[in-house]
Amino acid sequence: MKNTHAALLAASLVLVSGAPVSADPLALGTKAPMATTKMKTAAGKDVTIADVKGEKGTLVVFTCNACPWAKKWEERIVKLGNEAGAKGIGMIAINSNDPKVNAEDGYDVMKTRAKERGMKFAYAYDATSGVAKAFGATRTPEAFLFDASGKLVYHGTIDDNADDAAAVKEAYLNDAVNAVSAGKAVAVSETKALGCGIKFRNKSAS
Amino acid sequence: MRPRILLITALAFVLGACAAREEKPVAAKPDSLTVDQVLFTPVAAESLSTVIRPGDSKVTLVNVWATWCEPCREEFPGLVKLARTYEHDGLRVVFVSADFTEALPEARTFLARQGVDWPTWYKTGGDQAFIDALDSKWTGALPGTFVYDAQGKLRDSWEGKADYAKLEATVRPLLSLPDTTSKESRS
């Protein structure tokens, strides 16, 4: 039994060890992959990315419950998501983390968090981590914004200051959402920030 | 009677502290650091180049970590061991904490427990410039590890934790060490 555990541990270590910098993220101009993959939301419903598509665009944010960066940005993400609908942008937040790494990333905590934060958008559980892999997402939080035609027009962070909302100088995602909502080009289409590496499940998503 | 009880209590406390010390990584020096001895200073993107270009080191390995990051904590002892094993071969391991301000005391405690008795840094300033200063291909996910040669040229980098075998296999050729046999196993 011990040997089996050791072998499994060894296998998992190999699988999570040192991925090259970096996985290929979804390229600007491409459409959302796995858009018809069903995921269970914190509200207990099955949802797909295609289901939440807005008239003017769709916002996909990979986030989670436990990551300090996700927590720092959480209120801003929820505000953005709750206001996106009125701008014609459909929003889905996706948790792709394996809760075996951190139990706080489990489905039950998602339910509580969605309620506590008053999320009016889908907070979905990517049970295989396959959606994050298909997007080439690597960290939480990480946003992908698609325009009315379904093409990726923004990929990156929420804004330029996770630590202090009052000190934000560049509200990248909010600006991108407003641009897409107004049918305009996004001024800054790719940004980066530090974040927690997504805790991918080892099994393939396919 | 009372002084004796106090003495026993004090002895138990010291022994307990010693037992706790034994949880340190294999490569840590036997006498543990105090939190105040940890050399932990801020670094922003603009000054990162001086950290990356150390002058007299053949290879500089920069590891960006944080206290809450489990893979970071898991790989940390291996990085400390690597630093100690290859320091005389010209390797310099640079730890940069990405912890938020409120977690910096915890980061300092962690560094002390790991026996990191050489200068380390914590990140300040904007993320994007910091990421690009280390490696423009880095997505910002932690942990992030970057290996530079003596000229400051990036020679390897990866996201996620690495085991000791990978660390050795990466730095040994850059240190011009002749074979892939572990230095430990040769000695």
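Tutor: K72(A) lies over the face of F100(B), at 4.6 Å from the ring centre. A charge counts as sitting over a ring if NZ of Lys or CZ of Arg is within 6 Å of the ring centre and within 35 degrees of the ring normal. Chain B has a case of its own: the charged end of K81(B) is placed over the ring of Y164(B), 4.3 Å from its centre. Keep in mind that this is a predicted model, where local features need pLDDT of at least 70, side-chain atom pairs count only at pLDDT 80 or more, and totals for chains, interfaces and linings use all residues. Side-chain values use heavy atoms, with hydrogens and water left out, residues are numbered from 1 along each chain as its sequence is written, and chains are lettered from A and ligands numbered from 1 in the order in which they are written.

Now ring against ring. Over all chains there are 15 aromatic pairs, meaning rings of Phe, Tyr and Trp (its six-membered ring) with centres within 6.5 Å; planes under 30 degrees apart are stacked, over 60 edge-to-face, and the rest tilted. Take F135(A) and F144(A): their ring centres are 5.0 Å apart and their planes at 70 degrees, so that pair is edge-to-face. F135(A) is buried, at a relative accessible area of 0%, and F144(A) is buried, also at 0% (buried is under 20%, exposed over 50%, partly exposed in between, with a 1.4 Å probe and protein chains only). Over in chain B, one aromatic cluster is formed by W65(B), F76(B), F95(B), F110(B) and W118(B).
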